[in-house]
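Q: Could you please walk me through this structure, one topic at a time?
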Amino acid sequence: MVEYDMFKAREREILAGAEQARVRQAGWRARRAEAKARRAERVGAAALATLAVTR
C-alpha cells in the first residue's frame, strides 16, 4: 500500500508540474502576441510617417 501511495503522490507532483508548464507557456504566448502587436503598430506608424514625408 505504501508503494501505491508513493506512486500516487509522484503522479500528483508530475501533473502539478505539467499544469505549471502550461501556465508558463500560455504566458509566453501572450507576451509574444503583445510584442507582435506592438511591432505591427510601430511598423504601421513608420509607414504612415514615411508616406507623409514623401507626399
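**A chat about the chain**

A: Glu 11 is partly exposed, as its relative accessible area is 31%. Buried means under 20% relative accessible area, exposed over 50%, and partly exposed in between (1.4 Å probe, protein chains only).

Q: What should I know about the model before we go on?
A: This is a predicted model, in which local features need pLDDT of at least 70 and side-chain atom pairs count only at pLDDT 80 or more, while totals for chains, interfaces and linings use all residues. Residues are numbered from 1 along each chain as its sequence is written, and side-chain values use heavy atoms, with hydrogens and water left out.

Q: Back to Glu 11, then: which side chain does it meet in a salt bridge?
A: Glu 11 meets the side chain of Lys 8, at 2.7 Å from N to O. A salt bridge is a side-chain nitrogen of Lys or Arg within 4 Å of a carboxyl oxygen of Asp or Glu.

Q: How are Lys 8 and Glu 11 placed in helix α1?
A: Lys 8 and Glu 11 are three residues apart in helix α1, so about one helical turn separates them. Lys 8 counts as partly exposed because its relative accessibility is 26%.

Q: How many salt bridges does the count come to?
A: The count by this rule is three salt bridges. One of them joins the side chains of Glu 13 and Arg 10, at 3.1 Å from N to O. Both Glu 13 and Arg 10 lie in helix α1, three residues apart, which is about one turn of the helix. Arg 10 is partly exposed, at 47% relative accessibility.

Q: And which residue forms a salt bridge with Glu 19?
A: Arg 22 does, and the closest N and O atoms are 2.7 Å apart. Arg 22 and Glu 19 are likewise both in helix α1, three residues apart, about one turn of the helix. Arg 22 has a relative accessible area of 48% and is partly exposed; Glu 19, at 40%, also counts as partly exposed.

Q: New topic: how many helices and strands are there in the chain?
A: The chain has one helix and zero strands. Helices (H or I, at least four residues) and strands (E, at least two) are DSSP runs, numbered from the N terminus. Helix α1 covers residues 2–54, and Met 1 is found in the segment before α1.

Q: What box do the C-alpha atoms fill?
A: Along the principal axes, the C-alpha atoms fill a box of roughly 80 × 5 × 5 Å. The radius of gyration of the chain is 24 Å, whereas a compact globule of 55 residues would have one near 10 Å. This radius is taken over C-alpha atoms, and the globule rule is 2.2 Å times the number of residues to the power 0.38. Buried residues make up 2% of the 55 residues.

Q: Which residues form the nonpolar patch on the surface?
A: Met 1, Tyr 4 and Phe 7 form it, with about 400 Å² of accessible area together. Patches are made of residues with over 30% relative accessible area and no salt bridge: like charges are joined within 9 Å, and nonpolar side chains (Val, Leu, Ile, Met, Phe, Trp, Tyr) within 5 Å. Accessible areas come from the Shrake-Rupley method with a 1.4 Å probe; for residues, only the protein chains shown count as cover. Met 1 counts as exposed because its relative accessibility is 73%.
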